[in-house]
Amino acid sequence: MCGLIHAFPRNTGTLPGEKRYAHGMIIASFNVNSVRQRLEHLSRWLVARSPDIVCLQELKCLDEAFPRAEIEALGYNVATHGQKTFNGVAILSKHPMEIEQCGLPGFEDEQARYIEAVVSLPGKDNQQGEAIRVCGVYFPNGNPAPGPKYDYKMAFMAALTEHAKELLTYEEKLVIAGDYNIIPEARDAKFPEAWTQDALALPESRAALGRLVNLGFTDALRATTDSAGLYTFWDYQAGAWQRNNGIRIDHLLLSPRAADRLIEVGIDKDMRAEEKPSDHVPIWCRLG
DNA sequence: ATGCCTGCGGTTCGCAGA
């Protein structure tokens with residue numbers, strides 16, 4: 001399992017005197033579509049990929065129902081922001097972390113779609129390492145558009161953009177990782193014409209994503225490749241996986257200091273071919 | 001063409017997802 005289909009190295013040299021971690025650290029996002037249904041998949045993947053930090057979306061359970069002991073047994077600290085039935089986000093970290101936010105600041109929301117932590121990274125020779133701020137996001141779907149659900153999606157994105165603007169002033173290593181429910185460009189869908197009226201691809205949706213990215217973030221995948229056909233989601237219906245009818249909606253946005261450390265990006269596409277998979281697969285980046 | 005499929009709740013079909 002966890003066959004790596006897409007892996008994109010970044011052609012960048014190390015500057016003289018620049019401090020980098022020997023093998024880098026992996027930060028991943030994975031929409032599990034029910035953490036209880038996906039515990040075996042998730043556990044196998046955590047062992048195989050061994051990410052340092054993972055943002056999970058669509059837990060679909062209360063915090064007390066999260067399989068905390070099982071994940072902790074694999075060597076992870078666990079922070080959850082769950083709710084009954086729907087949504088729910090979590091951050092897993094091999095390293096110590098402090099939770100900064102559960103829920104998006106300045107945005108009253110009964111839906112559990114945002115969690116933010118600062119992770120303390122190990123330094124060389126047990127020296128005090130750096131820290132990295134990680135935001136786990138689960139954007140609303142927004143369909144049907146127009147309508148109240150689309151208004152909610154736009155409001156969520158506006159609030160996230162305002163918060164991200166403040167976070168960037170800290171000039172930290174920062175990653176906003178998650179299910180954005182936005183297809184950035186036509187090349188990010190097998191059949192882009194099928195999505196033109198959809199909340200995932202409307203010009204207003206793409207413009208809102210652009211306003212966030214243009215604050216100064218780097219889309220990790222697009223920093224490594226211009227290739228079309230790189231997807232993170234395939235619908236359960238109509239043989240979408242078998243037809244490779246996919247879309248790219250799970251993204252890793254990097255602050256300038258994080259983008260400077262980008263080594264490679266991967267999508268663990270083979271997860272989608274397993275028995276009883278999530279409809280999303282993990283995307284991850286390695287920072288040096 | 002509209003549903004196809006999956007998960008959840010709570011009982012078995014409606015809602016949500018994307």
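Asn 181 is buried, with 27 other C-beta atoms within 10 Å; the label applies when 20 or more other C-beta atoms lie within 10 Å of a residue's own, while 12 or fewer makes a residue exposed and anything in between partly exposed, with C-beta atoms placed from the backbone. Its phi is near 50°, a positive value in a residue other than glycine. Asn 181 sits in the loop between strand S9 (174-179) and helix H4 (203-213), where helices (H or I, at least four residues) and strands (E, at least two) are DSSP runs numbered from the N terminus. This is a predicted model, in which local features need pLDDT of at least 70 and side-chain atom pairs count only at pLDDT 80 or more, while totals for chains, interfaces and linings use all residues. Residues are numbered from 1 along each chain as its sequence is written, and chains are lettered from A and ligands numbered from 1 in the order in which they are written.

Asn 33 also takes a positive phi, again near 50° and again in a residue other than glycine. Asn 33 lies in the loop between strand S2 (25-31) and helix H1. With 17 C-beta neighbours inside 10 Å, Asn 33 counts as partly exposed.

Strand S2 itself is mostly covered, seven of its seven residues being buried. Met 25, Ile 27, Ser 29 and Asn 31 point one way from S2, and Ile 26, Ala 28 and Phe 30 point the other way. On the pairing side (two strands pair if DSSP finds at least two bridges between them), S2 and S3 run parallel over five bridges. Asn 31 has Gln 57 of S3 as its bridge partner. Five bridges also join S2 to strand S15 (residues 283-287), this time antiparallel, and here Ser 29 stands opposite Ile 283. Strand S3 (residues 53-57) is mostly covered too, with five of its five residues buried. From S3, Ile 53, Cys 55 and Gln 57 point one way, whereas Val 54 and Leu 56 point the other.

Some of these strand residues turn up again in the core. A nonpolar core here is a set of buried Ala, Val, Leu, Ile, Met, Phe, Trp, Tyr and Cys residues joined through C-beta atoms within 7 Å. The largest one has 82 residues, and those touching the most other members are Ile 27, Leu 56, Ala 90, Ile 91, Val 134 and Val 175. Leaving aside residues up to four places away in sequence, Val 134 touches Ile 27, Ile 53, Cys 55, Ile 91, Ala 117, Val 119, Val 175 and Ala 177, contact being C-beta atoms, placed from the backbone, within 7 Å.

Leu 254 is buried, with 25 other C-beta atoms within 10 Å. Leu 254 and Asp 279 are 25 residues apart in sequence and 24 Å apart in space, C-alpha to C-alpha.

Now for the helices. In H1 (residues 39-49), the buried residues include His 41, Leu 42, Trp 45 and Leu 46. They cover an arc of only 130° around the axis, which puts them on the same side of H1; the arc is that of the directions from the helix axis to the C-beta atoms. The face turned away carries the exposed residues Glu 40 and Val 47. Just after H1, Ser 50 takes a positive phi of about 50°.

H4 shows a buried side as well, made up of Ser 205, Ala 208, Leu 209 and Leu 212. Seen down the axis, these residues fall within an arc of 100°, so they line one face of H4. An α-helix has 3.6 residues a turn, so residues three or four places apart point the same way. Exposed Pro 203 and Ala 207 sit on the face of H4 turned away from the buried side, and what covers the buried residues includes H3.

The loop between strand S8 (128-138) and helix H3 (148-168) holds Pro 144 and Pro 146. The peptide bond from Asn 143 to Pro 144 is cis, with omega near -5°. A cis bond also joins Ala 145 and Pro 146, with omega about 0°.

Technical notes
Contact = placed C-beta atoms within 7 Å.
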